[in-house]
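Please read the following note with the sequence and the model at hand. It takes up the aromatic rings, and then the surroundings of the ligand.

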Amino acid sequence: MSEIKLPVGAFPPDFAWGAATAAYQIEGGWNMDGKGPSIWDTFCHAKGKVYEDQTGDVACNSYQLWDEDLKCIQQLGLTHYRLSFSWSRLLPDGTTNCVNPKGVMYYNKVINDLIANAVTPMVTLYHFDLPQALENHGGWKSPDIADFFDSYARFCFETFGDRVKLWITVNEPYVCAKFGYEDGIFAPGLKEPGTSVYLVGHNMLRAHARAWHSYDANFRHLQGGKVSIALNSDWAVPLDPASPKDVEATARYMDFILGWFACPVFCTGDYPETMKSRIEARNLELGFSKAPRLPKFLEDEPNPLGTADFFALNYYTSRKVKDTSSHRSELSFSGDQAAEGVTDQSWPVCGVSWLAVVPEGLRKLLKYIKETYNNPAIYITENGFSQTGPVQLEDIDRCQFYQDTLQEIAKALREDGVDVRGYFAWSLLDNFEWTEGFSVRFGLFHVDCYSAELKRSIYRSGREYTAVISNHLSLSLSLSHTHTESNLNKEV
Ligand code: GBH
C-alpha cells in the first residue's frame with residue numbers, strides 16, 4: 001500500500017492534528033498516591049461486567065509511564081493531544097474539600113511536557129469516571145451534581161487554565177446516560193429504562209452549562225481559552241428512502257442521539273420537538289403519569305443555549321434507519337425513539353460488530369451539523385478503527401480507513417465549506433476499551449496490556465499518520481514562505 005495521499009492545500013495551515021485518550025482507559029494507578037475510587041473502579045471490580053473480568057487497574061500504566069506516551073506523541077509529530085483528567089485523582093472524594101497534590105503534579109507534568117514539545121493540550125474534564133464518593137451521594141441522578149461538577153471545573157480552570165486553552169466538559173453524555181442508566185452495560189450499571197436516562201442527560205447539560213458560564217465569567221478574560229462538550233453521533237439515512245415513515249424515523253434517530261444535546265446547546269436552549277412529542281405520546285400510551293420523564297430547563301439557572309465555543313464531535317459509524325413506531329414496547333428509550341438503526345451489507349465491519357466502516361458518513365454528518373447547528377467551528381474529537389484477534393502491526397485496513405476518512409474531511413472543508421478545525425484519532429494507544437477490556441484495540445501504537453512491560457510499538461497506521469502530519473506541516477511552511485516572498489516583492 002502506498003502512503004496516504006491528500007489533496008494539496010486541503011487543510012488549513014493551523015489545522016489541529018491530534019490523537020485522543022481517556023484517563024480510565026490508559027492511566028492505571030487506580031489507587032496510587034491518594035487517588036480516590038471512581039465508578040469504573042467499582043464496576044470493573046464487581047466481576048462479570050467486563051470481558052474476562054479485566055479492569056483498568058493498570059491499563060497502559062500511563063500514570064507511571066507518561067514519558068513513554070510522550071515519546072509516542074513526539075514520534076507522531078502531533079500538534080494536539082486530547083487527554084482526560086481523572087476527577088478522583090485530583091479530588092479523591094469529588095469535592096474541593098480535599099485536593100490530591102500528587103494528582104495535580106501528575107497533570108502539571110503532562111501539560112508542561114506537551115507545551116515544551118509544542119503540542120497543544122485539549123483536556124476533557126469528565127470521560128465516564130465519576131468519583132465513587134459522588135455516586136454514593138446520588139451521582140448524575142442527583143441535582144446536586146451540577147454544583148459538584150462546577151466546583152471541579154473551576155478548580156481545573158484555576159489550576160491548569162494558564163496553560164490549557166481547549167476544554168471539553170463532558171465526553172459523550174449520550175453514552176454515559178444510555179449505557180450507564182438505560183442498558184446498564186457501563187458504570188454505574190443501572191437498568192432503569194425510559195426514566196433515568198433523561199434525568200442523567202439533563203443533569204449533564206446542567207453541569208456543562210454551569211461550568212461554561214463559570215469559565216465565561218471568571219476565566220475567559222484572563223486565559224482566553226475555549227470550552228465545549230463532546231457529542232457522539234452516528235450518521236443516519238433512511239432504510240427505505242421512499243418511505244415517509246423511515247424518513248421521519250431517521251430525523252428522530254438523529255434527534256435522540258445528537259439533537260438531544262446539540263439542540264439545547266446550539267439551537268433553542270431546549271430539547272428537540274421530536275423528543276418532547278414522542279415522550280409525551282408514549283406517556284399517554286403507557287399510562288405513565290409520574291414526574292415528567294424529560295425534565296425542563298428552569299429559569300433560575302444558566303440555560304445551555306450558547307454554552308459551547310466550538311462543536312466537538314465524536315464520529316465512528318453510520319446506520320440505516322427504519323421506523324418502529326408501530327412496534328409494541330415497554331417504557332424505554334428505544335420505545336420513545338421508535339427508530340432502529342441497522343448496518344448495510346455493503347459496509348465492512350472492523351473488529352467490533354457495531355463499528356461499520358463508513359468514512360463518507362463523516363462528511364455528510366459534518367455538512368448536517370453545519371446546516372443544522374449554524375455553521376459552528378468543528379473539532380472532530382474522536383474517530384477511529386478497531387482491531388480484534390491477533391495483533392497486526394501492519395494494519396493496512398486501518399491505513400485505508402484513515403486515508404478515506406481524511407479525504408472525506410478534505411471534501412467537507414473544500415467542497416461543503418464546513419469549518420473543520422482539527423482531527424483527533426482515537427486513540428494514541430491500544431487501551432482499556434470499557435466492557436470489551438483489552439480485546440478491542442484502537443491505537444496508533446500497540447500496547448501489550450497483558451505483559452508487565454507495557455511496551456509501546458507503532459502500527460503502520462501510526463507511521464502513515466506521521467507522514468500525513470509532516471507533509472501537511474512542511475507544505476504549510478513552504479506556502480507561507482511563498483506568501484511572505486510575494487508580499488516582499490510587492491513592497492519592493
Ligand atoms: C467512544 O465511545 C469513547 O469516547 C471512547 O472512550 C471509546 O474508547 C471509543 O468511543 C471507542 O468505542 O453496540 O452495545 O456493543 C463510543 C461509544 C460505546 C459506542 C460502546 C459503541 C458499543 C455498544 N461506544 N458502544 S454495543
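**Note on aromatic pairs and the ligand site**

1. The count of aromatic pairs comes to 54, where rings of Phe, Tyr and Trp (its six-membered ring) pair if their centres lie within 6.5 Å. The model is predicted: local features need pLDDT of at least 70, side-chain atom pairs count only at pLDDT 80 or more, and totals for chains, interfaces and linings use all residues. Residues are numbered from 1 along each chain as its sequence is written, and side-chain values use heavy atoms, with hydrogens and water left out.

2. A pair of aromatic rings is described by the distance of the centres and the angle of the planes. The ring centres of Trp-87 and Tyr-152 are 4.5 Å apart and the planes lie at 5°, so this pair is stacked (planes under 30 degrees apart count as stacked, over 60 as edge-to-face and the rest as tilted).

3. Trp-87 belongs to helix α4 (residues 87–90) and Tyr-152 to helix α7 (residues 145–160), so the pair ties together parts that are 65 residues apart in sequence. Helices here are DSSP runs (H or I, at least four residues), numbered from the N terminus.

4. The ligand is surrounded by 14 residues, each with a heavy atom within 4 Å of it. The closest are Gln-25, His-127, Glu-172, Glu-433 and Trp-434.

5. The distance is 2.8 Å for Gln-25, 2.9 Å for His-127 and 3.0 Å for Asn-171. The protein covers 81% of the 570 Å² of accessible area that the ligand has on its own (Shrake-Rupley method, 1.4 Å probe).

Methods
A polar contact is a pair of N or O atoms within 3.5 Å; within protein, one must be able to donate a hydrogen and the other to accept it, and residues adjacent in sequence count only if both atoms are side-chain atoms. Helices (H or I, at least four residues) and strands (E, at least two) are DSSP runs, numbered from the N terminus.
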